[in-house]
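Please examine the sequence and the three-dimensional structure shown here before reading the report.

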Amino acid sequence: MGVTDMIKFEHVGLRYGVGPEVLSNVNFTLEPGSFHFLSGPSGAGKTSLMSLLYLGQRPTRGLMTMFDQDIGSMSREELKEIRQRIGVVFQDFRLLNHMSAFDNIALPLRINGTPEKEIKDNVIELMEWVGLGDHQHMLPNTMSGGQQQRIAVARAVITRPRLLLADEPTGNLDDEIGLRLMNLFDQLNRMGTTVLIASHNQPLMEKFKQHKRLILDKGHVELLTPKKSVKDKIRGAF
Amino acid sequence: MLKFAKNTGILGVSHDRQRYDLPLDKDGGSLFLKILIILMTFLAVLALSGSYVLSAMKERWSSGLENKASIEISAQDAEGNILTPEEINNATDNIFHFVKSHPAVETVTIMQDEDIAALISPWIGDNIAFDQIPMPNILTVSFKKNVEFDTTIFEGRLKIIAPQARLDTHESWLKDVLRFTNALKFAAILITTIIGLITIISIAGAVKTRMEVYHEELELLHLMGAADNYIAKQLQRYIFFSSLQGAAIGTFTGVVMLLIIKLAIGQMDMGLLPDFSLTLTQILSFVLLPVFIAFLGALTARHTVLRVLRQMP
Ligand SMILES: Nc1ncnc2c1ncn2[C@@H]1O[C@H](COP(=O)(O)OP(=O)(O)OP(=O)(O)O)[C@@H](O)[C@H]1O
Ligand SMILES: [Mg+2]
């Protein structure tokens, strides 16, 4: 499937209720297979932008294109299919506390109807990869923040999504596991997944400075490519 | 039946997986719904059996009297003069021949003097020489079932043959009884319907509350691209099994209650009430009631869930 624009925002605005615009006149394009960081000060609207991308809400104005399709004109069925192609790591994880770590990670596969045998093999393999191989039956709320985050990441990548959105996926993790997860994202990206990671983590972004950055500030987005001398500009944004 | 529903997946139970994505079986709110369904089914059993009993009563009363009439040929003429036995018997014979040849009449018999004596003995005593006092004659007539005819014209013809003849069709009495039982039956059916409606409304309410409680979980499933159907099936299955359980308990309790009532009535020996035994269809209706309520519940749940989900972006 030849998608030319994975994500395209044209004059997109978002406000909550009658409040001020959290995002105003946002314009950017992400090509398929690209890898971007989304950075910006706290409260800049990173999570809000993410929520537009995972179709958790609709923009209050502007045009949003994903997988070359106008989101505003899509049917429920089409939106459902788009959602199944997106993996999301939520900033607050959103794990289901009544089911085991295993079942949490298996959920997207069950939703898209994968056979149970296949689910078992895939989930166990991935849990071992993120270092939670012997935590299959634990309930998320009995696990540490870092462990919960790894479950959230595993759940987001288990379907090998075409688009991966991760909101602060390395916030609660020590450097070693943080790097391990970044390598996981890199590997997915090399297999064709478009990746967008919202992050505050300067050292981490420095380590992966080959990736482009979207800088969000006061509701606007600026795209910085590594070729330019970005360091000063980014410093200014924090 | 349940097994079939399970295997075909119409209840959302697939791959033998008894797992809910929502923490449905872990909350106490369902107890309220279950108790409500128990109560409603219990009442439905009583109302339903009430309507069955009324049907049986109506059947019994009307089948004894419908299409039947009696003709009395009085021992006095219209002016009050006592007639001789010969005159009475002549009039009776004439009437008998007329009635017997009437197209709407199935059978006609002349009541024997002994039978009449038995009827009137409570009023005039046993030791009576019937050949000494003039006795009325009574003919009992049964009409053919599907033949329409005018009883007033029929009675007019009788009066021409013998002016002292009187036709009694039990009609007005029967009409009152039928009107009465029909009204009761209507009330029973109305009560059953109201119970059904209340059940549907409470299930819908319970599902809505549940969806508010689990809003975050539902939204998550939705964001992961779960089809509305996938989510609906889970609540549907959950409501199906909890209302099946509740309805089964309610029906069982209701039937036990009926048996107790039956025993009590049996001891009272009330001749007017019909036998309390049920037909096979009626017994089947009690067996199917819980299943019906469970399906009704599942359908209501499905409808409610889909409506709430449609409001998500
Ligand atoms: N559900 C909401 N209702 C109303 N306002 C909201 C809501 N979510 C976010 N906001 C507002 O939108 C703005 C952007 O918030 P957002 O969470 O998108 O920022 P962020 O960049 O993700 O911040 P952080 O780095 O701290 O996670 C904030 O001013 C916040 O108060
Ligand atoms: Mg945020």
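## Basis of the model

This is a predicted model, in which local features need pLDDT of at least 70, side-chain atom pairs count only at pLDDT 80 or more, and totals for chains, interfaces and linings use all residues. Residues are numbered from 1 along each chain as its sequence is written, chains are lettered from A and ligands numbered from 1 in the order in which they are written, and side-chain values use heavy atoms, with hydrogens and water left out.

A residue is taken to be near a molecule if one of its heavy atoms lies within 4 Å of it. Around ligand 1 are Y16(A), V22(A), P41(A), S42(A), G43(A), A44(A), G45(A), K46(A), T47(A), S48(A), Q91(A) and H200(A). This shell comprises 4 nonpolar, 7 polar and 1 charged residues; here Ala, Val, Leu, Ile, Met, Phe, Trp, Tyr, Cys and Pro count as nonpolar, Asp, Glu, Lys and Arg as charged, and the others, Gly among them, as polar. Helix α1 (residues 46-53) of chain A supplies the largest share of the shell, 3 residues. Helices (H or I, at least four residues) and strands (E, at least two) are DSSP runs, numbered from the N terminus.

Several polar contacts (pairs of N or O atoms within 3.5 Å; within protein, one must be able to donate a hydrogen and the other to accept it, and residues adjacent in sequence count only if both atoms are side-chain atoms) can be listed. A polar backbone atom of G45(A) is 2.9 Å from an oxygen atom of ligand 1. The side chain of Q91(A) also places a polar atom 2.9 Å from an oxygen atom of the ligand. For H200(A), an N or O atom of the side chain is 3.5 Å from an oxygen atom of ligand 1. On its own, ligand 1 has 630 Å² of accessible area, of which the protein covers 57%. Accessible areas come from the Shrake-Rupley method with a 1.4 Å probe, and for residues only the protein chains shown count as cover.

Helix α1(A) is largely enclosed by the rest of the structure, because 7 of its 8 residues are buried. Buried means under 20% relative accessible area, exposed over 50%, and partly exposed in between (1.4 Å probe, protein chains only). The buried residues of the helix are K46(A), S48(A), L49(A), M50(A), S51(A), L52(A) and L53(A).

After α1(A) comes L55(A), with a positive phi near 60 degrees. D68(A), which is not a glycine, has a positive phi near 65 degrees. D68(A) sits in the loop between β4 (61-66) and β5 (69-70) of chain A, and its relative accessible area of 35% makes it partly exposed. F93(A), likewise not a glycine, has a positive phi of about 65 degrees. The loop between β6 (86-89) and α3 (101-111) of chain A contains F93(A), which is buried at 10% relative accessibility.

## Salt bridges

A salt bridge is a side-chain nitrogen of Lys or Arg within 4 Å of a carboxyl oxygen of Asp or Glu. By this rule there are 12 salt bridges over all chains. One of them joins D5(A) and K8(A), at 3.9 Å from N to O; K8(A) is partly exposed, at 28% relative accessible area.

R110(A) takes part in salt bridges with D103(A), at 2.8 Å between the closest N and O atoms, and with E116(A), at 2.4 Å. Both D103(A) and R110(A) are buried, whereas E116(A) is partly exposed at 28% relative accessibility. A network of salt bridges links D92(A), R94(A) and E219(B).

## Features of chain B

Chain B has 9 helices and 4 strands. Of its 313 residues, 40% are buried. In helix α2 (residues 29-65) of this chain lies M57(B), which is buried at 11% relative accessibility. The C-alpha atoms of M57(B) and L178(B) are 9.6 Å apart, although 121 residues separate them along the chain. Helix α8 (residues 228-268) contains S243(B), buried at 1% relative accessibility. The side chain of S243(B) reaches the backbone oxygen of I239(B) at 2.5 Å.

On the surface, F186(B), L190(B), I194(B) and I198(B) form a nonpolar patch with about 380 Å² of accessible area together. Patches are made of residues with over 30% relative accessible area and no salt bridge, with like charges joined within 9 Å and nonpolar side chains (Val, Leu, Ile, Met, Phe, Trp, Tyr) within 5 Å. F186(B) belongs to helix α6 (residues 171-213) of chain B and is exposed, at 56% relative accessibility. An α-helix has 3.6 residues a turn, so residues three or four places apart point the same way.
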